[in-house]
Amino acid sequence: MEEQKKMGLQRAVDIYGHRGLRARQLKEEGRKVFGYFCCYPPIELLTALDIVPVRVLGNMDEPVTDADDYLPPVMCIFCRSAFDLGMKAQYNYFDGFIGAHACDGAERTAFIWQNYITSPCNFQLDVPHTTHGPALNFFKEQIALFQKTLEEFCGTQIQPDDLKQAIVLHNRQRALVRELYGMRKPDPPLISGTEMLQVLIAVMSIPVSEGNDLLQAVIDEVTTRANPHEAKRRLLVWGSLIDHTAFTDLIESSGFNIVVEDTAIGTRPFWHDIEITTDPLDGISDHYLNEVLCPRTFRETGSTYQADTDARFYYLKEFAKHWNVDGVFANIIRNCDIHGYEVPVVKDYFSEMGLPVLVIEQDYSTAALETLRTRFEAFAENLDGY
Amino acid sequence: MGIRKGKTMFYAGIDIGSTITKIVIANRVEILASVIQRTGAEHRRRAHRVMDRALVQAELCVDDLDYIVATGYGRINVPFADAKVTEITCHMRGVSWLHPDVRTIIDIGGQDCKGIKVKDGRLDDFIMNDKCAAGTGRFFEIIAKVLGIDLEEIGPLSLTSTNPAEISNLCTVFAEQEALSRLSEGVPIADIAAGIHKANAGRIYSMVRKIKIEEAVAITGGGAKNSGLCRSLQQRLQLPVFIPPEPLITGALGAALIAGEKAARLDERALSALKTHRRWDAATFFSDPGTLVAMESKNSQHQHVG
Amino acid sequence: MTENKIKTKKSNKTLQTAREAGHFGKKMLESAIRAQAEGKPIGWSMANWWEGDIIAKAMGMNLVYPENWGAFCASIRRAEPYLEISDGEGFPNTLCGYARNNIGFAKTLKENGYIIPDDAPGGGLAKPIMLLASGAACDARYKWFQSLGRYLGGVPVWMLELPQTGAREFFLPENKANNLKFIVSELKLMIRFLEDLLQCKMDYTKLEAMVDQAFKTLRLAHEVDLLRRSVPSPMVSQDFWSIMIPHFYLPDDPEAYAFYQRVVAEVKNKVDNGIGAIPNEKYRMMFGELPPWHSIGFFDDIAERYGIAMVMESWNYHAPTPMAEEEIDGVSDPLELIARLCYHKYTEYNQAALDFSAAPSYFSAPFLEYAEIYRADGFMAHPLMSCRPATYTLMQTIQRLEEKRLVPGVVVNGDIIDLRVFNLEEAYSKVEAFTETMDHYRELRRKAGMAW
């Protein structure tokens, strides 16, 4: 049990607390490590070449300083923070950097990153905004170019079987993450929002197979330990990502258990498996364009507003129902346009389900977190019927 | 203090603001005492003394209080509170009790400013500005000093103006400078004061409109005692505003109401246990559990070694 | 007391044709109002660099541009009520000012039963039958239109995509062909969509003629850009920002072409006679990106006070350099031509992007080229509070210009909708101090043996 503990939540805490450590170790052992920005780069290709994919994140503890000379102040602070860390050499172990045209902020930041922080291998992945047939085709071709770039860098071709195997491993990770999400359905959930965040960030910092082992160990641990968590109001987090446990701690000590996240460090990268197609790039492109449900992708307007919102947000009903959600926190990192434009429609959508929504535009800084406590407490009081 | 069955219950709400402590003692039907006292930064240590005053006013003693709810900025520093509830909820409940038609509450405090939406007597939405002095009591304090007048004068003085100065800056630093410039240009103090009120009302309005302003509107907090600000807000809102007779106590009143509800959900034994375990000593900086929590370092676990 | 009030500061402009260019803005507005009055199909459109406009117009769609209408509302100080409404709806106030203005108006329109209120600024905007969103340059330009579904429920949004490939990736074989194929396919889908909506078929002959005319107009617009390389500068930004309307929005209009012929003639005349746009050209400056529309007169002032000629500006409004012969020789399909034109517009500076590490090829790298071509002494960066796409790369552009071209930059803040952010007095004093910086860097360039 002790050994298992070291493999499970504690291991996640350790990795989360020292994000680059494992990657640096592996690099010393001769592995290549690539950083990627956002959920869109198909990291299965990296795994197929035995490259360790590390998700580029920011740090809410670190005041943004170096980035000020290169990025304007009025923009997504998460992107600024990530770039700031890059300029402070905190990602200097990357052998490669993959940027993506996810949202404007991520796209421009990725360009500027590649201008000022040079890794041996770089790729900017254009991601179409639409999901029409030609767009899917185009995206597949982009990924093929990405593949070629990787192959040239590594001096080897990706064999279809290796790629399929990589997809299988990443799908396994997705399945394990979904299984862990399942453990947040009970009341109280078997794993807290803070613990989940540590686990997800941990798996985004290590090779996929190590991540799968970690996930399995965590699942075993949380299903056997005495549940340390109390029943509280159950919260769904929607919107911009949260990548620091100080934030989840604050929320979960203000009357809530976070039970599900519709964010980029949440269900979005993990909810659907990649279909294994004859040409693996078909399944890959389809997954990343159609199944990663970030609002940066424009999905067709229906013939009515209702049809449109249902098509875009029906899955939120599923989450709310199955995770027995009491309320929603709409997290908007200040200046996030992708989620900003959706605030009224999402609020309406949740209201129709009878779920109140707390909307907060925040400044992505642990120094500014405590002032949010009253808002969460008031929201919890509201749900308790005060 | 009376027989068990049908015994009158007493509840207290204590609202600890950044500089002023407010207490309301009530039974289920009426307010028995209300006290407003400046405590400054010492509120932590003085809360129980303010409570003593309130008890005297209500002709009760400490053991008569069946349930105490603390609210406000300093609510974590009240060792004798049985529960803590946010000021958002408490203001909302207090105002609703006084005026059930109110749908929008604008609370203008010393350090922050809030908009609260009410629906069927419950919290519907809210918005807070606790980052910037514009729209708060602090702003008026600073400007009053610059203009060389007392804080209490600034509102009534602004009402005498027929030609408000145009103040474009709401950052306190720049607004101060602007006020000084206007003074040196010979602009009458009343006009400057009026301009300041107008600008602040605009800022408050911008914030509150985000939660959709609906009638009836109420103004609470210290800002409600500023007649100039109330008029500017009314002009901006183009709606009548309800100002409670004592706008400072709405939070404590709401807290007392909630105390009553919470007590009603407990049985005799639980209520009695509360009284037994209540701590009446003054909170010291290091012994207060709330302070201890606040002092815990939250960030020690996270390192970006890279 | 009025110093911080919004004042429209009009420019006198230096070219006669620039003074006449207002005609085209009026023409656009009037045709929209007429179409609305006649119950003709109206589409709300984003600027889309000729990718969708010409096609839509060829099919009889009358386009109005809420982005422009937003600038107009801001300049006559009528935006505020709409911003309030948008805020009240729960949209963050950090969103694009034009979007917030349009959202507020859309709600008003809905509440008025889709009848334009009598007092709507500039005649307002009629309820459209479609919204032509754009995926180029900026997320707001499709998220905003999508969010209008709350008020214009059932009005379809067509998301016109323009891919944005990476700088390095642009040069990968097949990438260009993939991009062009994608754009053309999307255009075909858009035509099908419009045919269904308007219940009529695309007249390809008409479209060909319009595209042909557009190419001709854009070529003339480019000729003007070439003429502006002269020293002294024959035409400044104050002129450009008026003159650009016809080529940016109406290049398919023969009247626009005729107008440009006169522009070319006027500018050529100046060049041939060595006449500068401003009498005392001492400094040549570039401007990025979106101008303070309400205060173009500011540039007249700095011309007069300090001899600053704004020689090049706003990458996004310019016609692209003409494509190489082999690119379009033999290409007759108008959709192919449009695809190539737009793709070229967004990628033509990728070599500079790589050479100067100043990617992307839009908004950023072009200025590294312009610095040399237009012999720039300085760059004025104009960050906008509520327009991030026009602001994201300004800092990088300043850095790279200074580092790679020994051309310094000055920052003058503003906003597209809150015009108070642009502080005139502060801007003057910054620019005045900046002239010394430009002197200094001129000296540095001389020492480095640079051509200008």
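Let me start inside chain A, where strand β1, residues 33-36, is joined by 4 bridges to β2 of chain A, the two strands running parallel. Before I go further, please keep in mind that what we are looking at is a predicted model. Within that pair of strands, A:Tyr36 is the residue that stands opposite A:Arg55 of β2 in chain A. As a reminder, strands of a sheet pair through backbone hydrogen bonds, and they can do so in a parallel or an antiparallel way.

Stepping back from the pair to the sheet, we find 4 strands of chain A in the order β2-β1-β3-β4, forming an open sheet with parallel pairing. Its edges are taken by β2, residues 52-55, and β4, residues 121-125, of chain A, each of which pairs on one side only. From one strand to the next, the twist averages 20°. Across β3, residues 96-100, and β4 of chain A lies helix α6, residues 104-116, and this helix runs at about 150° to β3 of chain A.

Now to chain A as a whole, which contains 16 helices and 8 strands. Its radius of gyration is 20 Å, close to the 21 Å that the globule rule gives for 386 residues, and chain A is therefore as compact as a globular protein of that length. The C-alpha trace of chain A spans about 65 × 55 × 45 Å along its principal axes, and 60% of the 386 residues of chain A count as buried. If we take the contacts in chain A between residues at least 6 apart in sequence, 73% of them join residues at least 24 apart.

Chain A also touches chain C, and here the contact takes 47 residues from chain A and 51 residues from chain C. On the chain C side, the elements that give two or more residues include α7 (140-147), β4 (157-160) and α9 (175-198) of chain C, as well as α18 (394-405) of chain C. By class, that side of chain C divides into 23 nonpolar, 19 polar and 9 charged residues.

Staying with chain C for one residue, I would point you to C:Glu223, which is found in helix α10, residues 204-227, of chain C. Is this residue buried, exposed or partly exposed? C:Glu223 counts as partly exposed, because it has 18 C-beta neighbours inside 10 Å. Although C:Glu223 and C:Lys268 are 45 residues apart along the chain, their C-alpha atoms are separated by 9.5 Å.

Chain C also has a contact with chain B, to which chain B gives 6 residues and chain C gives 7 residues. The chain B side of that contact consists of 1 nonpolar, 1 polar and 4 charged residues.

That brings me to chain B itself, whose secondary structure comes to 10 helices and 10 strands, and in which buried residues make up 47% of the 306 residues. Of the contacts in chain B with a separation of 6 or more, 70% are between residues 24 or more positions apart. The domain assignment gives domain 1 of chain B as 10-89 + 251-286, and domain 2 of chain B as 103-243. Taken over C-alpha atoms, the centres of these two domains of chain B are separated by 30 Å.

Notes: Residues are numbered from 1 along each chain as its sequence is written. Chains are lettered from A and ligands numbered from 1 in the order in which they are written. This is a predicted model: local features need pLDDT of at least 70, side-chain atom pairs count only at pLDDT 80 or more; totals for chains, interfaces and linings use all residues. Two residues are in contact if their C-beta atoms, placed from the backbone, lie within 7 Å. Ala, Val, Leu, Ile, Met, Phe, Trp, Tyr, Cys and Pro count as nonpolar, Asp, Glu, Lys and Arg as charged, and the others, Gly among them, as polar. Domain bounds come from an automatic or database domain assignment. The radius of gyration is taken over C-alpha atoms; the globule rule is 2.2 Å times the number of residues to the power 0.38. A residue is buried if 20 or more other C-beta atoms lie within 10 Å of its own, exposed if 12 or fewer, and partly exposed in between; C-beta atoms are placed from the backbone. Two strands pair if DSSP finds at least two bridges between them. Axes are lines fitted to C-alpha atoms, for helices over the stretch in contact, and angles run from 0 to 180 degrees between N-to-C directions.
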